[in-house]
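Work through the exercises below with the coordinates open. Each task is followed by a solution in steps.

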Amino acid sequence: MSLTRRALLPLLTAFATLRGMAATAAETADLFRREFVEAAFTMKREAEQSGDQPYGAVVVLDNAIIGWGPSRVVVDNNESAHAERVALRDAQDRLGRADLAECVMYSTSRPCAACEQAAAAAGLARMYYGKDATDAGAPRKG
Ligand SMILES: [Zn+2]
């Protein structure tokens, strides 16, 4: 299964898309929910407040958040504890399975290649990501 990525600019403008794929109105209404964007940014703030890198992500299934991911790279001394992978692991723990088909991820910034690969390997259906002002131009670290 291929992972559909869509760039999301929640605090700035409307949707932008990658790979020439456009979100239909129905997809937008069904899958893109502001509350989930806000939850991802809540995770980002949590990471910042704990002294970690400013990234957050959540995993959603059936319009409910099942995975919460503040970046934990610094807190856990783990270079792979990016927000997206923390959220994936949390969702997998809660579901009791590795397969995250039908799940959607919201991340505050563009995932690194390793996180995108992890999401695709888990069968994630879709990923929305944003890029807020504090992330603009910054190297992706976590
Ligand atoms: Zn990553």
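A residue counts as buried if 20 or more other C-beta atoms lie within 10 Å of its own, as exposed if 12 or fewer do, and as partly exposed in between, with C-beta atoms placed from the backbone. The model is predicted: local features need pLDDT of at least 70, side-chain atom pairs count only at pLDDT 80 or more, and totals for chains, interfaces and linings use all residues. Residues are numbered from 1 along each chain as its sequence is written. Helices (H or I, at least four residues) and strands (E, at least two) are DSSP runs, numbered from the N terminus.

**Exercise 1. Find which residues of α3 are buried, and what covers them.**

Step 1. The buried residues in α3 are A83, E84, R85, V86, A87, L88 and A91.

Step 2. Two residues are in contact if their C-beta atoms, placed from the backbone, lie within 7 Å. The cover over the buried residues of α3 includes α2, β2, β3, β4 and α4 (113-121).

Step 3. The expected span of a helix is 1.5 Å times one less than its number of residues. For the 13 residues of α3 this gives 18 Å, and the end C-alpha atoms are 18 Å apart, so the two agree.

Step 4. G96 follows α3 and has a positive phi, near 75°.

**Exercise 2. Determine where the buried and the exposed residues of α2 lie.**

Step 1. F36, V37, A40, M43, K44 and A47 are the buried residues of α2. They lie on the same side of α2, because they cover an arc of only 115° around the axis. The arc is that of the directions from the helix axis to the C-beta atoms.

Step 2. R34, E35 and Q49 are exposed on the other side of α2.

Step 3. Among the elements that cover the buried residues of α2 are β2 (56-61), β3 (64-70), α3 (83-95) and β4 (104-107).

Step 4. After α2 comes G51, with a positive phi near 85°.

**Exercise 3. Describe how β2 and β3 pair.**

Step 1. Strands pair if DSSP finds at least two bridges between them. β2 and β3 are antiparallel, with six bridges.

Step 2. L61 stands opposite A64 in β3.

Step 3. The two strands form a hairpin with two residues between them, and D62 in the turn has a positive phi of about 50°.

**Exercise 4. Is A98 buried or exposed, and with which residues is A98 in contact?**

Step 1. A98 sits in the loop between α3 and β4.

Step 2. A98 has 12 other C-beta atoms within 10 Å, so A98 is exposed.

Step 3. Neighbours within four places in sequence aside, A98 is in contact with Q92 and A122. A98 and A122 are 24 residues apart in sequence, with their C-alpha atoms 6.2 Å apart.
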